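Visitor: Please show me the model, and then let us go through some of its residues.

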Amino acid sequence: LIAIICMSSHFSQNISIKDIELNARENGLTLKLYATDEIQLSEISGWFNEATSWSYLTFYNMKGDINKINQVSRPKGISGFEAIQLNQSLQIGLRSINQISQFEFYHDKNDSTVIASLRYPISTTMAYIEKQEITSKEKNKTFLSSVINENTPYYLISIILAGLLILQI
């Protein structure tokens, strides 16, 4: 039994987080963790608390400099961020402006980076896209109205007359 306990502690992760990047996107949030060694995706879990709008990511058998992690810059879509070091894990809490509906985790074995993708519901993403389309149409209308004004007919007549004069020469 003692040999099994020693072996399981030998094979468990003892990884430290070197740095974290947070990004807000139209379809959700991404959290990029730079670690000292490869992180097994089976050692990561995430869940969303609808009552508080906080998402929690737990990294089992991992450590981090809590003071440094808690000072990471927060993009516009994140209203709260907190890292907590527990005995067996590092927990990161993110409070997002929008609800999170899905968690996905990816890693790059070459540089020990893990990307946690926290996705908004598809309805939130579609609403954002529609808003962007409306904003784009309004910008186009504003541009056209600034180009075409009450003096436009005079400019056009002047250009036509100048063209006709050049053809006469």
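Visitor: In which strand is threonine 30 found?
Guide: This is a predicted model, in which local features need pLDDT of at least 70, side-chain atom pairs count only at pLDDT 80 or more, and totals for chains, interfaces and linings use all residues. Residues are numbered from 1 along each chain as its sequence is written, and side-chain values use heavy atoms, without hydrogens and water. Strands are DSSP runs of E with at least two residues, and helices are runs of H or I with at least four, both numbered from the N terminus. Residues 28–35 form the strand that holds threonine 30, namely β2.

Visitor: Is threonine 30 buried or exposed?
Guide: Buried means under 20% relative accessible area, exposed over 50%, and partly exposed in between (1.4 Å probe, protein chains only). Threonine 30 has 16% relative accessibility, so it counts as buried.

Visitor: Is isoleucine 160 buried or exposed?
Guide: Isoleucine 160 lies in helix α4, residues 152–168. Because its relative accessible area is 55%, isoleucine 160 is exposed.

Visitor: How are the rings of tryptophan 54 and tyrosine 56 arranged?
Guide: Rings of Phe, Tyr and Trp (its six-membered ring) pair if their centres lie within 6.5 Å; planes under 30 degrees apart count as stacked, over 60 as edge-to-face and the rest as tilted. By this rule there are 2 aromatic pairs. For tryptophan 54 and tyrosine 56 the centres are 6.3 Å apart and the planes at 20°, so the pair is stacked.

Visitor: Which residues do ring pairs link into a cluster?
Guide: Tryptophan 54, at 18% relative accessibility, counts as buried. The cluster linked by ring pairs consists of Trp47, Trp54 and Tyr56.
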